[in-house]
Amino acid sequence: MKAIHIHPLDNVAVALETIHAGETVTLEEGVCVTASEEIVRGHKIALQAIRAGEKIVKYGCAIGVAKTDIAPGAWVHTHNVRTGLSESGEYAYHHKVFDLPQVEPRTFQGYRRADGRCAIRNELWILPTVGCVNSIAQRLVRENQHLVSGTVEGLYTFPHPFGCSQMGEDHAQTRRLLAALARHPNAGGVLVLGLGCENLTMDQFKEELGDWDDKRVKFLSCQDVEDEAAAGAALLKELADYAAAFSRQPIPAGELVVGMKCGGSDGLSGITANPTVGRFSDRLIALGGSTVLTEVPEMFGAESILFDRCADEAVFHKAVEMIQDFKQYFTSHGQVVYENPSPGNKAGGITTLEDKSCGCVQKGGSAQIVDVLGYGQAVTKKGLNLLSGPGNDLVSATDLTAAGAHLILFTTGRGTPFGAPAPTVKISTNTALYEKKGNWIDFNAGTVAQGESLDSAGDRLLDFVLQVAGGTRTRAEENGFREISIFKDGVVL
């Protein structure tokens, strides 16, 4: 099969491999179309005549408007399609409920923390409260690798440029994000490392953190000690001794929290990898687990698909507020809300933001949305959660980690190497990428374009996630790729 007609209402199909000019393609339902020009894999071909001003329909949804008349067999992309989005939007709640799959109970080999939470890694984390101590944190990591032994699986730090010279909401977001990371269960021990004169003071951090276990979390202000390397090493030794007492044990899969993200997308993202993640999400939720979907700008144009699955009107109103707040964020900076796909996205076949969004939300499966979280807020309700955050890969993956995601599923059609603090599973939309970048990609969903059912791929992904939760390292972990990026908006002093 060289092309796929995703929904009966669609007036375009998507090439699963390059279709050459003059080549006739037969779709599953018997519809034939002859390409009038080359259609590269992931790009769209018109199945019928589409007049200027008419909607381009994909996934059963409008993804744009024809700028010119488009003949059957023509390439449908940015040269002849424009967005149909605008800053305004009115939403109504039309509740829809879909059945979840039946899944046999599953377990994974994880860690049980003293407070009852589960974890999938047992690591030591150094969290700089301010960018001024990044190099000290990195030195402490280099010089204390001998602490990584037994069940202590790693020692890491997450440099960032903030924590000082920030005001208002930016200052609050940095504080909230770092405190949320300090609570993350994958960290068996946390050293909070400050300088001493930054405006994110240690007292502020402790207040944001709330109650903490002083065996698990230690604090060091470098200006307060004569030798910060020796003082930090001593505290890390205490943390390592504490973390070493934890060992893996069977834990129900329903205790997992999994973040969902896409980046470097292509025209197959919404056909293979994203719906595979959606099938996984439904399965994990059927087991009692939780998933988290973010990238609010990549919901624009597809938000109604999500809104209709809000569990009740209170959740619906929170979801609408999240969308409207993000649109206001764009317009307050003089930016339009409908220009999002990157050059790489467009090269891969994504034409408009609606096109990208309709593919993006496939990761949310069909489950009910139980809650809407603000930036830096943690998951508290079992099921599918929406999380406020931008589309930027590093910012949103950090946000997902702070929300409590034990691991992150990251779909990509073009490939990307980065990793979040939580294990980051890279899922390819096409087999060619999986074969080319095996040092980056963990799981191949390109098999869906080769005939594997989405249910089968979802089952495979559930199996793989439980393996990662049980200790199998991701490619990003093997490469030592772990980063954070903190969302900012305002003035730097």
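**Cavity lining and cysteine pairs**

Helix 9 (residues 353-360) contributes the most to the lining of the largest cavity, giving four residues, where helices are DSSP runs of H or I with at least four residues, numbered from the N terminus. This is a predicted model, in which local features need pLDDT of at least 70 and side-chain atom pairs count only at pLDDT 80 or more, while totals for chains, interfaces and linings use all residues. Residues are numbered from 1 along each chain as its sequence is written, and side-chain values use heavy atoms, with hydrogens and water left out.

**Cavity**

- The structure holds one cavity of 30 Å³ or more, a cavity being a set of points on a 1 Å grid over the protein atoms alone where a 1.4 Å probe fits but cannot get out.

**Cysteines**

- The count of disulfides, defined as pairs of cysteine sulfur atoms within 2.5 Å, comes to zero.
- The sulfur of Cys-61 lies 4.4 Å from the closest cysteine sulfur, in Cys-358, which is too far for a bond.
- Cys-262 is likewise in no disulfide, with the nearest cysteine sulfur, that of Cys-360, 3.8 Å away.
- Cys-262 is buried at 2% relative accessibility, whereas Cys-61 is partly exposed with a relative accessible area of 22% (buried means under 20%, exposed over 50%, partly exposed in between, with a 1.4 Å probe and protein chains only).

Terms used: On a 1 Å grid over the protein atoms alone, a cavity is a set of points where a 1.4 Å probe fits but cannot get out, and a pocket is an open set with protein on both sides within 12 Å along at least five of seven lines; lining residues have an atom within 4 Å of a point. Grid points are joined across faces, edges and corners, and a volume is the space filled by probe spheres set on the points. Helices (H or I, at least four residues) and strands (E, at least two) are DSSP runs, numbered from the N terminus.
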